[in-house]
Amino acid sequence: DASDMEKGLYPHYMLKEIDEQPLVIRKVISKYQDASGNIRIDSELRNSLKEADRVYIIACGTSYHAGLVGKQLLEKVADIPVESHIASEFLYNRPILSKHPFFIFISQSGETADSRGVLVAIKQLGYPALTITNVPGSTLSREADYTLLTHAGPEIAVASTKAYTAQIAVLALLAFDQAQAQGRAGQMNPFHELSMAANAMEIMINKKEMMEEVVWQYLNASRNCFFIGRGVDYYVALEGALKLKEISYIQAEGFAGGELKHGTIALVEEGTPAIALVTQSSVRANIRSNVQEILARGAHVCMISMEGMEEGTDQIVLPAVHELLTPLVSVIPLQLIAYYAAKYRGCDIDKPRNLAKSVTVE
Ligand code: G6P
């Protein structure tokens, strides 16, 4: 049928969408770069964000994980305080808002009811809102003041991949645009760094056998798996764990490396699989020492590190990219590990049980 045509030679949409990611990042670059090399962002949006004293990012699922990375980007690059919230919690556990809040809704579909509930509530209070979405004309796009499109193309697989990396790329550009607007942009050229990241993503995509091997070695017979990292690697660990849970049904959790000793390490026994990310130079020694702690208790740890921070025994080494953009690259092996784990278990990869692509009920 028509949908099989789109899938082409790919066995699953998820694999096709994973592979499309470098292209999507290049598309984001071309859509957001104007003729003089500047970031193309509506000046009303720029000024509205500039007036904000705090940004509230609202999202669900994978988009929430992109929002956590977005928080880092906006805080580190543009020096704006940011809170990231799960949409379904926000309305009940409503945080005390700042004087001039600015809301960013992140939603692949633009139709998620939990996120829309928050948008409706904050628009009643008159606060400015931006939607970052993959679907032009979607509900969240129409009801917000501003929209930034992620240009990832239709995402069919229920487990989100290319929408996540496209959201991060757009958030990076938004952060740089804001830094420029405030006269605080440094030497970094975001388009150049994003295109380097796209190249690095492509290199990882071309090493699929490596991730297949990791699945054989670490996840073959396991019922669970831990993902650990510090800083932004912790946020990517959360996304890696979600991907694995969603499509392979292996129980997986992402943890901040330093928090393991406060509880979770009790679960580690002989052969417990763990995947550790090492892409941030400021915490590389700390995360390696967390890995030693679980290795000493029998964990079977797969190390994913970035070039320049690698050690001889690391299983996967990612090409080096700008430290703020590492999630674009480090998530690729995690997506592929989830994919192969699901494949070997014979799971319905594109349509995992109990899940819907877009959840339009609260
Ligand atoms: C559903 C999907 C997830 C997705 C989440 C948010 O639960 O199964 O993959 O991340 O909704 O969707 P959105 O379209 O708002 O990004």
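## Helix H7 and its surroundings

The buried residues of helix H7 pack against strand E1 (54–59), helix H6 (87–90), strand E3 (101–107), strand E4 (129–133) and helix H8 (139–143). Here, packing rests on contacts, meaning C-beta atoms, placed from the backbone, within 7 Å of each other. Helices (H or I, at least four residues) and strands (E, at least two) are DSSP runs, numbered from the N terminus. Before going on, please note that this is a predicted model, in which local features need pLDDT of at least 70, side-chain atom pairs count only at pLDDT 80 or more, and totals for chains, interfaces and linings use all residues. Residues are numbered from 1 along each chain as its sequence is written.

H7 itself covers residues 113–124, and its twelve residues reach 17 Å from the first C-alpha to the last. That is close to the expected 16 Å, a span found as 1.5 Å times one less than the number of residues. Which residues of H7 are buried? They are Asp-114, Ser-115, Arg-116, Val-118, Leu-119 and Ile-122. A residue is buried if 20 or more other C-beta atoms lie within 10 Å of its own, exposed if 12 or fewer, and partly exposed in between, with C-beta atoms placed from the backbone. Just after the helix comes Gly-126, with a positive phi of about 85°.

## Around the ligand

The ligand is surrounded by 17 residues, and the closest are Gly-61, Ser-107, Gln-108, Ser-109 and Thr-112.

By type, the shell has six nonpolar, ten polar and one charged residue. In this grouping, Ala, Val, Leu, Ile, Met, Phe, Trp, Tyr, Cys and Pro are nonpolar, Asp, Glu, Lys and Arg are charged, and the others, Gly among them, are polar.

## A parallel sheet

Look next for five strands that form an open sheet in the order E7-E6-E8-E9-E10, with parallel pairing. Strand E7 (251–256) and strand E10 (316–318) stand at the edges with a single partner strand each, so one side of each has no neighbour in the sheet. From one strand to the next, the twist averages 20°. Two strands pair if DSSP finds at least two bridges between them.

Strands E6 (residues 224–229) and E8 (residues 273–278) are joined in the parallel sense by three bridges, and Phe-226 has Ala-274 in E8 as its bridge partner. Six bridges link E8 to E9, again running parallel, and Leu-277 stands opposite Ile-304 in E9. Strand E9 (residues 300–306) is largely enclosed by the rest of the structure, because five of its seven residues are buried. Helix H12 (residues 232–248) lies across E6, E7 and E8 and runs at about 175° to E7; axes are lines fitted to C-alpha atoms, for helices over the stretch in contact, and angles run from 0 to 180 degrees between N-to-C directions.

Ala-179 is in helix H9 (residues 162–181). Is Ala-179 buried or exposed? Ala-179 counts as buried because it has 21 C-beta neighbours inside 10 Å. Leaving out residues up to four places away in sequence, Ala-179 touches Val-77, Ala-78, Arg-184 and Ala-185.

Most residues other than glycine have a negative phi. Asp-79, in the loop between H5 and strand E2 (82–86), has a positive phi of about 60° although it is not a glycine. With 12 C-beta neighbours inside 10 Å, Asp-79 counts as exposed. His-151, in the loop between strand E5 (146–149) and H9, also has a positive phi, near 55°. His-151 has 19 C-beta neighbours inside 10 Å, so it counts as partly exposed.

Key:
Two residues are in contact if their C-beta atoms, placed from the backbone, lie within 7 Å. A residue is near a molecule or strand if its C-beta atom, placed from the backbone, lies within 6 Å of it.
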